[in-house]
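Please read them with the structure open.

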Amino acid sequence: MYQALYRKYRPQTFDDVSGQMAVTQTLKSQIVHNRLSHAYLFTGTRGTGKTSCAKILAKAVNCLNPQGGNPCNACAACRAIDDGSCMDVLEIDAASNNGVDNVRDLRDDAVYTPSQVKMRVYIIDEVHMLSVSAFNALLKIIEEPPEHLLFILATTELHKVPATILSRCQRFSFRRLSQEDIAARLQYVAYQESISLDDGAAKILARMADGSMRDGLSLLDQCASSVAGELTAEGIYSCLGMAGAQKCGEMMACIARHDCAAALTLFHALYASGKDLSAFFDEMASLTRDLLILKTAPKSGIDMLSGVTPDREAAALAEQFSAGELVWMLGQLEETLAGFTRSASRRTDAELCLLNLCRPELRLDAASINARLSRVEEQLKTGGFPGAARAAAAPARVSEEPPAPQQPPDAPPAPADEPPQRESAGQNPGAPEGFWAELVAALKQELKMPVVGFFVTTPNAPVDALVEPGRIVLRCANDFILSMIHTPETLSVVGRKASAILGRPVSATAVNRADTPRTVGRMEQLLEFGKAHPDIVTISE
């Protein structure tokens, strides 16, 4: 009968245990020097070797021919423990034997001396599942057990174990296994089983195992039985219903460009090919987490990446996002993943999430607004994101003059003393030289972030100015910037500072640059001209 790989290749000695050197070396030393405790508590996440080390320890303390702290696995005691025929070594599942009566029976049997081996060993797995009364019944015998008795408790949830139990045990914490340790073990098992496993596929399986050796071996077992020939990265993706590094990178690039059509088209292709939505969004969440790590810790973060995409591609993608955007995106992906379990239409939820990621302006909550604002701040610091993202996000150039408006033949001439002028990068023929730069410097002394960040003297500034008689028009690159600028407090400060610089009173207003008509200020020009030339134009109230 076929035996699962994680059972077939369960470690038989302490030296076989991967990634737990601190634990195994201590246990070996205690056995060699005969300094064993009467109770041990093994804690850690799933698949890290807790139960395996418990069984190895049970064999080592009863082995007739120990080898440097390791069991020999050849004597009668070791063989009896391995095949489960030794009645003095009992493995108890606390999840199904968690009542006080079960513990009382255990306590009554524990006082008898062992019949086959030197020590009676009780391995209680998932000990945190015991009831409060069961813990109380276990407490006294763990505190003062007979000399022939050894308790080994194992748990994945240490916080649920009472402090009274913790204080009576030697505690060993099993750390989450690294991807390198899991990949090396997978390669060894694959070689023993004549499975052709390339390095890329081993790394993917190690990443998906998430620190659990048992999960990694189970995934290898599943893929080896489904894929004929060599196990490659593409074969792993196909077998497990994953999108893969390339598709995740393409989707993230679509989000960076705010290209909803391309993102939905790619998602439809993945959905039609049978990719698992949970696996895909889990990959996207891992990639977003990697980009956030690179954004906040560009040098030391390389060692923290999950490996969803190659490091070079991840670094290029990270340049197209701000840290605030990535934090918001990660929250959206995690929220969608959590909702899949109770959703009536997972596809609709997935598409809605992608739309929100591509078009954050569709949502008006504080988190999405903060994400958009952080993108603008990042652009102001760096001059825009590279590639397509910069082209999509950069505001229109302010140096292009609009054509002069066409005037009807009978219309009065435009006033020649104060024509409307475009303020761009500090160059304005009708205003004092350096007016814009002086205004920006004055505003920086009074306005606060984030509003003051929009006032810059770069060529592609998010805000430029149009000076007209009696007022200055702030032209914003988009509606979001307009909503931040067009407030009474900001306009009052701009009008006051501009009046001081120009030497005449002016008011301030703000408009969207894309919506600004070519005849901005036309009516105001006519009114000013009529006041100056009452003999030519009659202005009626």
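1. A definition comes first. A crossing of two helices is left-handed if the near helix is turned anticlockwise from the far one by less than a right angle, and right-handed if it is turned clockwise. By that rule, the crossing of α8 and α10 is right-handed. Please keep in mind throughout that this is a predicted model.

2. Now the geometry of that pair. Helix α8 covers residues 179–192 and helix α10 covers residues 213–226. Their axes are 10 Å apart, and the packing angle is about 40°. Angles under 35 degrees would count as roughly parallel. The pair α8 and α10 is therefore oblique.

3. Next, helix α14. This helix runs over residues 277–296, 20 residues in total. From first C-alpha to last, α14 reaches 28 Å, close to the expected 28 Å at 1.5 Å a residue. Is α14 mostly covered or mostly uncovered? It is mostly covered, with 15 of its 20 residues buried.

4. Look at the start of α14. There, a side-chain oxygen of Asp 276 comes to within 3.2 Å of the backbone nitrogen of Ser 278. Arg 346 is 68 residues away from Ser 278 in sequence, yet their C-alpha atoms are 9.1 Å apart in space. Arg 346 belongs to helix α17, residues 346–358. Its relative accessible area is 31%, so Arg 346 is partly exposed.

5. Which helices pack against α14? One of them is α16, residues 323–339. The two axes are 9 Å apart, at an angle of about 160°. The cut-off for roughly antiparallel is over 145 degrees. So α14 and α16 are roughly antiparallel to each other. Their crossing is left-handed.

6. Helix α13, residues 260–272, also packs with α14. Here the angle is about 135° and the axes are 10 Å apart. That makes α13 oblique to α14. The crossing of α13 and α14 is right-handed.

7. On to charge pairs. How many salt bridges does the structure hold? The count is 20.

8. Asp 101 and Arg 104 form a salt bridge, with the closest N and O atoms 3.7 Å apart. Arg 104 is partly exposed, at a relative accessible area of 40%.

9. Glu 157 and Lys 160 make another salt bridge. Their closest N and O atoms are 2.8 Å apart. Glu 157 is partly exposed at 26% relative accessibility. Lys 160 is also partly exposed, at 44%.

10. Arg 289 pairs with Asp 290 in a salt bridge, the closest N and O atoms being 3.0 Å apart. Is Asp 290 buried or exposed? Asp 290 is buried, at 2% relative accessibility. Buried here means under 20%. Arg 289, by contrast, is partly exposed, with a relative accessible area of 31%.

11. One group goes beyond a single pair. Glu 446, Arg 496 and Lys 497 are linked in a network of salt bridges.

12. Finally, two backbone details to check. Ser 194 has a positive phi of about 60°, although it is not a glycine. Ser 194 lies in the loop between α8 and α9 (199–209). At 69% relative accessibility, Ser 194 counts as exposed. His 258 is not a glycine, and its phi is positive as well, at about 60°. His 258 sits in the loop between α12 (245–257) and α13. With a relative accessible area of 28%, His 258 is partly exposed.

Conventions. Residues are numbered from 1 along each chain as its sequence is written. This is a predicted model: local features need pLDDT of at least 70, side-chain atom pairs count only at pLDDT 80 or more; totals for chains, interfaces and linings use all residues. Side-chain values use heavy atoms; hydrogens and water are left out. A salt bridge is a side-chain nitrogen of Lys or Arg within 4 Å of a carboxyl oxygen of Asp or Glu. Buried means under 20% relative accessible area, exposed over 50%, partly exposed in between (1.4 Å probe, protein chains only). Helices (H or I, at least four residues) and strands (E, at least two) are DSSP runs, numbered from the N terminus. The expected span of a helix is 1.5 Å times one less than its number of residues. A polar contact is a pair of N or O atoms within 3.5 Å; within protein, one must be able to donate a hydrogen and the other to accept it, and residues adjacent in sequence count only if both atoms are side-chain atoms. Axes are lines fitted to C-alpha atoms, for helices over the stretch in contact, and angles run from 0 to 180 degrees between N-to-C directions. Angles under 35 degrees count as roughly parallel, over 145 as roughly antiparallel, 65 to 115 as roughly perpendicular and the rest as oblique.
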